[in-house]
Each structure stands twice: as structure tokens, then as C-alpha cells.
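Biologist: Hi! Could you walk me through this one?
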Amino acid sequence: MNFQKAIAELKSSSVAWSETATANRFFFFGLLGAALIFVLDQMTKLWILYVIELPLQPGGRIEISSIFDLTYVENTGASFGMLAGSAGSRVILSIISTIVAVGLIIWLGAMRRRIAAAGAAFIIGGALGNLYDRVAYGYVVDFLDFSGLSFPWVFNVADASINIGVALLLLDAWLSREKQPSAGT
């Protein structure tokens, strides 16, 4: 296959995807949901950084209750601080976040199930929220601390959204598997 033929096929499949996606109501609502999650995530982080008087050094804390605190963490890793490391890990995690968001947006264009579209929206919004932090600050701002419940990680709205999205995709897969007729019927 030559280069010009590959470009023509890519253009043709892109046009077909675009027509399918724009006709799909779940695509529009999924993108809107992802945008709302991104905005909510960024607003809560700006609130932590500039509005409340949370000590902005790592580990700075405001005690709210026996189970919940606001604790400032500069997370250089993935969700819940996993894979924390150097600038190299920041670049790798940024690339992964971009690939996941773009892949889910492409998949969202073809989705026909509400729960799956909602799951994709949560993951896209969360991935883009944390990606923005990595690019803008060099780390992700985490602040939700449920250590009073023996939950060891401090997280943010984006992290929670990604986990909710994964749970919704798993629920959708389970529900759609349950609806498929068995081979014997």
C-alpha cells in the first residue's frame, strides 16, 4: 500500500466516523459530560489553590471531620499517586492521558448505550483534568483525604471521575452480557 492510498483511506474513514459521531446523541452528551467534569475538577482545584486557606505545602491540611480532611498533595504520578516519579514519568503519563482521552472520544462516536457513554465521559473529563494539571503545574493537585476511613490515598475530582467511569464501563459490559441470548436459545 502506498502512502497516498493510506492517506485517502484515513481521510475516508475519518469522514465516515465524523458523520456517525455527529448523528449520535450519546456522542454530544458524552462530550458535554466530559466538559462538565473537566470544569468541575479544575474549579475545585482552583478553589483549593486560591480561595480556601489550605497550607499549600505538600501535606498541608485542614481537618474537617474524623473521617475527611482537605490535604494538599502535589501528585507527580497517576491516580492516587501511583507511578510517581520524575519529569520522564510526567511526560509518559501525559501521553497516556492524551491517548486514552482521544481513544475514548473516537469510541464515544460509535457508542449506542447510555451507561457506556457516561463511563467514557467520566474517564475523558478526568483524564483531561489531570492532563491539564501535569502540563500547567508539573504535577496533579490532590486534596480529598479520607484517611480517617483508612483510605491511604489523597485524590481529586478527576481521579474519582476516572474510577467512576471505569466502574460504569464494567457495569455496562456486565449488563450487555446479561442481555445477550445464550447460544442454546
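This is a predicted model: local features need pLDDT of at least 70, side-chain atom pairs count only at pLDDT 80 or more; totals for chains, interfaces and linings use all residues.

Biologist: How many helices and strands does the chain have?

Modeller: Five helices and four strands, in the order α-α-β-β-α-α-β-β-α. Helices are DSSP runs of H or I with at least four residues, strands are E runs of at least two, and numbering starts from the N terminus.

Biologist: How do the axes of helix 4 and helix 5 cross?

Modeller: They come within 7 Å and cross at roughly 160°, with axes being lines fitted to C-alpha atoms over the stretch in contact and angles running from 0 to 180 degrees between N-to-C directions. So helix 4 is roughly antiparallel to helix 5 (over 145 degrees).

Biologist: Which residues of helix 4 meet helix 5?

Modeller: Among them are F122, I123 and N130; contact means heavy atoms within 4.5 Å.

Biologist: New topic: is D133 buried or exposed?

Modeller: D133, in helix 4 (residues 114–137), is buried, at a relative accessible area of 0%. Buried means under 20% and exposed over 50%, using a 1.4 Å probe and protein chains only.

Biologist: And what is D133 in contact with?

Modeller: Leaving aside neighbours within four places in sequence, D133 contacts Q42, K45, G138, Y139, V140 and V141.

Key
Residues are numbered from 1 along each chain as its sequence is written. Side-chain values use heavy atoms; hydrogens and water are left out. Angles under 35 degrees count as roughly parallel, over 145 as roughly antiparallel, 65 to 115 as roughly perpendicular and the rest as oblique.
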